[in-house]
Amino acid sequence: MRAAGAAVAAVAFLGLAACTSGPSLETRAAITASPGDSHELTIGSAGFTESELLAQMYAALLDHAGYRTHVVTVGNRELYEPALEVGQIDVVPEYAATFADWLNAKNKGSKAPPVASPDIETTMAALRRLAGPRGLTVLPAGRAVDQNAFAVSADYARKHHLKTLSDLGRAKLPVRLAAGDECVQRPFCAPGLKKRYGINITAIDPKGVGTTPAKQAVQNGQDQMVLTTSTDATLDRFGLVLLTDDKKLQNADYVLPVVNRARAGGAGTAAALNRLNKVLTTADLAYLNEQVDSWRRLPADVARNYLTSKGLLPKS
């Protein structure tokens, strides 16, 4: 019954969110209002495993702090960000650099120069500057990072003495890269690998970001490297290892909560959610993803077990 109710709620919510584009002139006063502390909060999830896990952890922490929460799944940022602005959603898990550049493009167009950087402080300053006028409060980032990462086979790494992307650049090896089509143009993919590291990218094999076919192509030697993410917990299964981004090509995509200021911008919400920052690491997040994706466990159960194991929730 709970799952069915959530599905109905999500459908109804999407209908409302699709009609909104952010605060109107009539609601502009709410943006500068004092931070609110509603005790009935809706937590948004973007619908992929990691976002679902984070949303469930946020909900459990807020419930423990005396709030009543409801988790709703929304397909993409184009839907949930406007809903966050108008208070249909109160809290969402986000990624600092990606969200900063997304808001900047929303303000200035898709060709606007990026405002995020590999430096978290610079990125956070830009993000807060962009989020504030929209009635959003960006809470502190934790230790966990989910950003683009590049992996090669463990055998290939051993053979060519590779630990970092700089090592691969110095080796002058021809590299066929399994990634998405957009890698050809994205500055943090093929162009950045060539410019910053001198890596000889000979072709892009369009198998997607971190997909099973992409990893298999590197495993069997068809490709030499795959674009994945730093919280990919399946690399061992394919005999792959990450190469360190030692020159910091990737931006600071630290995990953090973003809240609607008027409804969830108070100290109570921040205190509850900030508890997660002290414990959650990138490795932890990869392991939690693996439990859902490979072990077929429910995100809510994995989230609660993790928080309990870290002493953030009492043992049941």
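Modeller: Let us begin with pairing: two strands pair if DSSP finds at least two bridges between them. Helices (H or I, at least four residues) and strands (E, at least two) are DSSP runs, numbered from the N terminus. This is a predicted model, in which local features need pLDDT of at least 70 and side-chain atom pairs count only at pLDDT 80 or more, while totals for chains, interfaces and linings use all residues. Residues are numbered from 1 along each chain as its sequence is written, and side-chain values use heavy atoms, with hydrogens and water left out.

Biologist: In which sense do strand β5 and strand β8 pair, and over how many bridges?

Modeller: Strands of a sheet pair through backbone hydrogen bonds, either parallel or antiparallel. Here strand β5 (residues 148–153) and strand β8 (residues 225–229) are paired in the antiparallel sense, over 4 bridges. Within this pair, Asn-148 stands opposite Thr-229 of β8, and Ala-149 has Thr-228 of β8 as its bridge partner.

Biologist: What other pairings involve β5 or β8?

Modeller: β5 also runs antiparallel to β9, to which 4 bridges join it, and there Phe-150 stands opposite Leu-243 of β9. β8, for its part, pairs with β6 in the parallel sense over 2 bridges, and the bridge partner of Leu-177 in β8 is Met-225.

Biologist: What is the order of the strands in the sheet?

Modeller: The order is β7-β6-β8-β5-β9, in an open sheet of 5 strands with mixed pairing. β7 (200–206) and β9 (240–243) stand at the edges with a single partner strand each, so one side of each is left without a neighbour in the sheet. The twist from one strand to the next averages 40°; for such angles, axes are lines fitted to C-alpha atoms, for helices over the stretch in contact, and angles run from 0 to 180 degrees between N-to-C directions.

Biologist: Which helices lie on these strands?

Modeller: Here we rely on contact, which is defined as heavy atoms within 4.5 Å. Helix α9 (residues 190–197) lies across β5, β6 (174–179), β7 and β8, and runs at about 165° to β7. Helix α10 (residues 212–219) packs on the sheet as well, touching β5, β6, β7, β8 and β9, and its direction makes about 145° with that of β8.

Biologist: How many residues of β5 and of β8 are buried?

Modeller: Buried means under 20% relative accessible area, exposed means over 50%, and partly exposed lies in between (1.4 Å probe, protein chains only). In β5, 5 of the 6 residues are buried, and in β8 the count is 4 of 5, while for the chain of 316 residues the buried share is 50%.

Biologist: Where are His-161 and Lys-172, and are they buried or exposed?

Modeller: His-161 is in the loop between α7 (154–160) and α8 (165–171), and because its relative accessibility is 68%, His-161 counts as exposed. Lys-172 is in the loop between α8 and β6 and is exposed too, with a relative accessible area of 62%.

Biologist: Which residues does the disulfide join?

Modeller: A disulfide is a covalent bond between the sulfur atoms of two cysteines, and it is assigned to a pair of cysteine sulfur atoms within 2.5 Å. The structure holds 1 disulfide, which joins Cys-183 to Cys-189 with an S to S distance of 1.8 Å. The link of Cys-183 and Cys-189 is left-handed, with -85° about the S-S bond, and both cysteines, Cys-183 and Cys-189, are buried.

Biologist: At what angle do helix α5 and helix α6 pack?

Modeller: Angles under 35 degrees count as roughly parallel, over 145 as roughly antiparallel, 65 to 115 as roughly perpendicular, and the rest as oblique. Helix α5 (residues 96–108) and helix α6 (residues 120–131) pack at about 40°, with their axes 9 Å apart, and α5 and α6 are therefore oblique to each other. Among the residues that make the contact are Phe-99 and Leu-103 of α5 and Met-124 and Leu-127 of α6.
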